[in-house]
Amino acid sequence: MFPLEEIANRTCSGYRTQHPHAILYNILSGREIGYLDNKLKGNATAHSCHCGQRRTVCLKDPKATGQVASGVLEKTVCFVRSLPSFGQLPSQDQSLLLRHCWVPLLVLGLAQEKIVFEVTDVPNSSILRQILLGPGLTGKEADQPTLAGFHKLRSCLHQLWNLDLSPKEYAYLKGALLFNPAVQGLSASLSVEGLQQEAQRALREAVRLLHPEDPTRLSHVLLAASSIQAVSHGMVTELFFKPVIGNTNMLHLLTDMLFVQ
């Protein structure tokens, strides 16, 4: 429905100008004590380095914020389960749809309830590891919350807050994101496509009736929805739910929330 914005992964130019072993050599030899400090503080601005955006972050109050986010997720799943059209789909399709879109729905829930949270740097050891490994991080490490990922999430929330969506607009937008016929493995994709079209029509009508003086509002709503879909599922799991659920598999937890009464 909403195309994801293209994200270009670029290697920081600051690393290309260094000898391949210079960073590790300087750290181990101790010849340039200020070298690491400059890297960590982002002082290498002479070559416009954006390494600071890769800093790993965590919530300032992980347990309290994680519990709030868990409450929003529970309300989100309850909303999904309350939709009669969703309940009539095969259980496998229900699980696939929720697993695919739970993060966009959660972001909408955080925005609707105006949840505010702050992050802080993790211990410096993880920053040192990022410097040594550079862009060659594993998939699991790439899911770790970064300052750039936090800024992207916060930008999405501010977009939604600036739109000041009504409850109806939130509900129809959630439906349009939930019923996605492009999800792989659906057995009732035609039914899902029809439900998405119905949600889209309802959203357009709600926007037209609530904001007849603003012909561009729908495009702004759709743009915000597109931005939401670029938020990493792994990053959201690590940031909000890891402090609460530990090593519990998030997708298994979602399935339990969906089907266990």
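Predicted model: local features only at pLDDT ≥ 70, side-chain atom pairs only at ≥ 80, totals over all residues.

Biologist: Fine. How many helices and strands does the protein have?

Modeller: The secondary structure comes to 14 helices and two strands.

Biologist: And what share of the residues is buried?

Modeller: Of the 261 residues in the protein, 39% are buried.

Biologist: How many residues are in the largest nonpolar core?

Modeller: That core has 58 residues. W102, F240 and F241 have the most contacts inside it.

Biologist: Which helix gives the most to this core?

Modeller: Helix α6, residues 91–112, with 11 residues. As background, nonpolar side chains tend to be buried together in soluble globular proteins.

Biologist: Back to F241. What does F241 touch?

Modeller: Leaving out residues up to four places away in sequence, F241 touches A69, S70, L73, W102, L106, V236, G246 and M250.

Biologist: Where do L73 and M250 turn up again?

Modeller: In a helix pair: L73, E74, V77 and R81 in α4 meet M250, L254, M257 and L258 in α14. By class, the residues of that contact are six nonpolar, no polar and two charged.

Biologist: At what angle do α4 and α14 cross?

Modeller: Roughly 50°, and the axes of α4 (residues 62–81) and α14 (residues 250–259) come within 10 Å. An angle under 35 degrees would count as roughly parallel and 65 to 115 as roughly perpendicular, so α4 and α14 are oblique to each other.

Biologist: Is that crossing left-handed or right-handed?

Modeller: α4 passes α14 in a right-handed crossing.

Biologist: Now the other pair. How do α9 and α12 cross?

Modeller: The axes of α9 (residues 147–163) and α12 (residues 217–228) cross at roughly 160° and come within 9 Å. Angles over 145 degrees count as roughly antiparallel, so α9 is roughly antiparallel to α12. The crossing of α9 past α12 is left-handed.

Biologist: Which residues make the contact?

Modeller: From α9, C156, Q159, L160 and L163; from α12, R217, H220, V221, L223, A224, S227 and I228. The classes are seven nonpolar, three polar and one charged.

Biologist: Last topic, E198. Where is E198 found?

Modeller: E198 is in helix α11, residues 189–210. With a relative accessible area of 47%, E198 is partly exposed.

Biologist: How far is the C-alpha atom of E198 from that of G175?

Modeller: They are separated by 8.9 Å, with E198 and G175 23 residues apart along the chain.

Conventions. Residues numbered from 1 in each chain as written. Heavy atoms only, no water. Axes fitted to C-alpha atoms, helices over the stretch in contact; angles between N-to-C directions. Helix = DSSP H or I, 4+ residues; strand = E, 2+ residues; numbered from the N terminus. Left-handed = near helix turned anticlockwise from the far one by under 90°. Contact = heavy atoms within 4.5 Å. Nonpolar A, V, L, I, M, F, W, Y, C, P; charged D, E, K, R; others polar. Core = buried A, V, L, I, M, F, W, Y, C linked by side-chain atoms within 4.5 Å. Buried < 20%, exposed > 50% of the residue type's maximum accessible area, 1.4 Å probe, protein only.
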